[in-house]
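Hi everyone, thanks for coming.

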Amino acid sequence: MQRLLFPRLKALMGNPCLRLLGPRAAPRTQCGCSCGIRHLLRPGQYSTISEVALQSGRGTVSLPSKAAERVVGRWLLVCSGTVAGAVILGGMTRLTESGLSMVDWNLIKEMKPPTHQEEWEAEFQKYQQFPEFKILNHDMTLAEFKFIWYMEYSHRMWGRLVGLTYILPAAYFWRKGWLSRGMKGRVLALCGLVCFQGLLGWYMVKSGLEEKPDSHDIPRVSQYRLAAHLGSALVLYCASLWTSLSLLLPQHKLPETRQLLWLRRCAHGTAGLVFLTALSGAFVAGLDAGLVYNSFPKMGESWIPEDLFTLSPILRNVFENPTMVQFDHRILGITSVTAVTVLYFLSRRIPLPRRTKMAAVTLLALAYTQGRLLFSFIF
């Protein structure tokens with residue numbers, strides 16, 4: 001009986017149509033002990049029909065593992081930290097009036113700073129050809145020039161570090177297959193925004209190097225370009241932070257109550273209000289509008305200054321009149337602090353996860369700390 005059945009069974013199993021139904025054994029190699037090690041299937045080998053369907057597009061592609069998502073999330077968290085550092089360093093560069101000290105822009109050549117006296121003198125001579133030196137810093141020494149040059153140099157080099165922090169790991173994770181289809185789109189958008197941010201930075205600096213024969217004002221960059229540069233950095237920071245936290249922190253499932261809906265709307269509105277306040281601060285910095293009035297809460301002797309609408313048409317005052325720009329920034333700042341306070345008290349009335357409550361408390365503390373710093377800065 002065995003002699004009759006086994007040959008027929010072997011013949012059936014040798015049929016290529018039936019071999020797809022069973023697992024395909026991988027080759028075994030000896031490891032020096034009594035057991036063999038099964039190798040992974042090579043590309044093009046499928047052990048089941050479901051794998052054939054997956055490869056042909058009729059199945060669903062599995063997402064990266066949780067470990068890979070944690071690695072990507074931590075990488076994006078580091079990226080958001082580098083963007084925050086760039087914003088802080090850019091603010092220091094603005095306060096020290098160092099942004100126009102480097103009059104050239106070259107992605108590779110300017111990475112090497114001057115090392116000899118002749119190189120420093122040549123760099124200083126190039127700076128002397130532009131309006132900031134002619135109008136504002138005509139008595140500047142070489143030592144003073146080195147300070148503002150190094151401030152701008154550090155900001156530009158930090159920007160290159162930010163770009164490498166995004167692009168190099170993104171290429172590695174993409175090649176390793178650790179990015180889902182949706183995450184690939186987000187990462188491409190973030191890397192594109194980093195490159196756009198660098199070009200926008202030079203476009204902003206270029207506006208301060210242009211000769212303006214009909215103007216004798218202090219040379220400064222365009223407040224519109226400065227606001228765009230800061231705004232894109234804030235968008236990059238928020239997008240990176242949000243994406244990283246969505247990968248690292250599990251999402252809480254809360255009941256959709258009316259109170260929760262109001263809290264969510266208030267949070268979105270507060271975020272937009274804080275963003276507008278930050279952009280208005282860029283206009284204040286671009287026009288040096290913070291120096292117009294140094295009293296608070298009044299502006300001079302009145303609550304509403306008389307020179308709010310000195311330009312024509314009226315809309316120009318919102319963006320080009322220093323008095324109006326400072327007035328708008330004050331109103332937006334007070335409104336933002338009020339909105340954060342309301343958001344905090346709304347969060348107290350709803351049963352929320354512990355980390356959400358901590359976020360509301362931290363936001364409130366930061367808002368009042370920011371207000372206190374602004375008040376001390378004015379006086």
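First, some housekeeping. What you see is a predicted model, so local features need pLDDT of at least 70, side-chain atom pairs count only at pLDDT 80 or more, and totals for chains, interfaces and linings use all residues. Residues are numbered from 1 along each chain as its sequence is written, and side-chain values use heavy atoms, with hydrogens and water left out.

Okay, the big picture. The chain has 13 helices and two strands. Now contacts, meaning heavy atoms within 4.5 Å. Take the contacts between residues at least 6 apart in sequence: 71% of them join residues at least 24 apart.

Let's go to helix H5, residues 117–127. Which residues of H5 are buried? They are Trp120, Glu123, Phe124 and Tyr127. They sit on the same side of H5, because they cover an arc of only 100 degrees around the axis. That arc is taken from the directions from the helix axis to the C-beta atoms. And what do they pack against? Helix H6 (131–136) and helix H7 (142–176).

Next, helix H9, residues 223–248. It has 26 residues and runs 37 Å from its first C-alpha to its last, close to the expected 38 Å. The expected span is 1.5 Å times one less than the number of residues. At the start of H9, a side-chain oxygen of Ser222 comes to within 3.3 Å of the backbone nitrogen of Tyr224.

Now salt bridges. The rule is a side-chain nitrogen of Lys or Arg within 4 Å of a carboxyl oxygen of Asp or Glu, and the count comes to 10. Here are some of them.

Lys66 and Glu69 form one, at 3.8 Å from N to O. Both lie in helix H4 (residues 66–95), three residues apart, which is about one turn of the helix. Here's the background: an α-helix has 3.6 residues a turn, so residues three or four places apart point the same way. Lys66 is exposed, at 59% relative accessible area, while Glu69 is buried, at 18%.

Glu123 is buried at 13%, and Lys126 is partly exposed at 32%.

The next pair is Arg160 and Glu110, with N to O at 2.7 Å. Arg160 lies in helix H7 and Glu110 in the loop between H4 and H5, so this pair ties together parts that are 50 residues apart in sequence. Both residues are buried. They also belong to a network of salt bridges that links Glu110, Glu152, Arg156 and Arg160.

On to the cysteines. Cys195 is partly exposed, at 43%, whereas Cys191 is buried, at 13%. Cys191 lies in helix H8 (residues 181–208). Leaving aside neighbours within four places in sequence, Cys191 is in contact with Tyr166, Ile167 and Ala170.

Last stop: Asn317, in helix H11 (residues 316–320). Is Asn317 buried or exposed? Buried, at 0% relative accessibility. Its side chain reaches the backbone oxygen of Ile314 at 2.9 Å. The side chain of Asn317 also makes a polar contact with the side chain of Asn321, at 3.1 Å. For a polar contact we need a pair of N or O atoms within 3.5 Å; within protein, one must be able to donate a hydrogen and the other to accept it, and residues adjacent in sequence count only if both atoms are side-chain atoms.

Notes
Helix = DSSP H or I, 4+ residues; strand = E, 2+ residues; numbered from the N terminus. Buried < 20%, exposed > 50% of the residue type's maximum accessible area, 1.4 Å probe, protein only.
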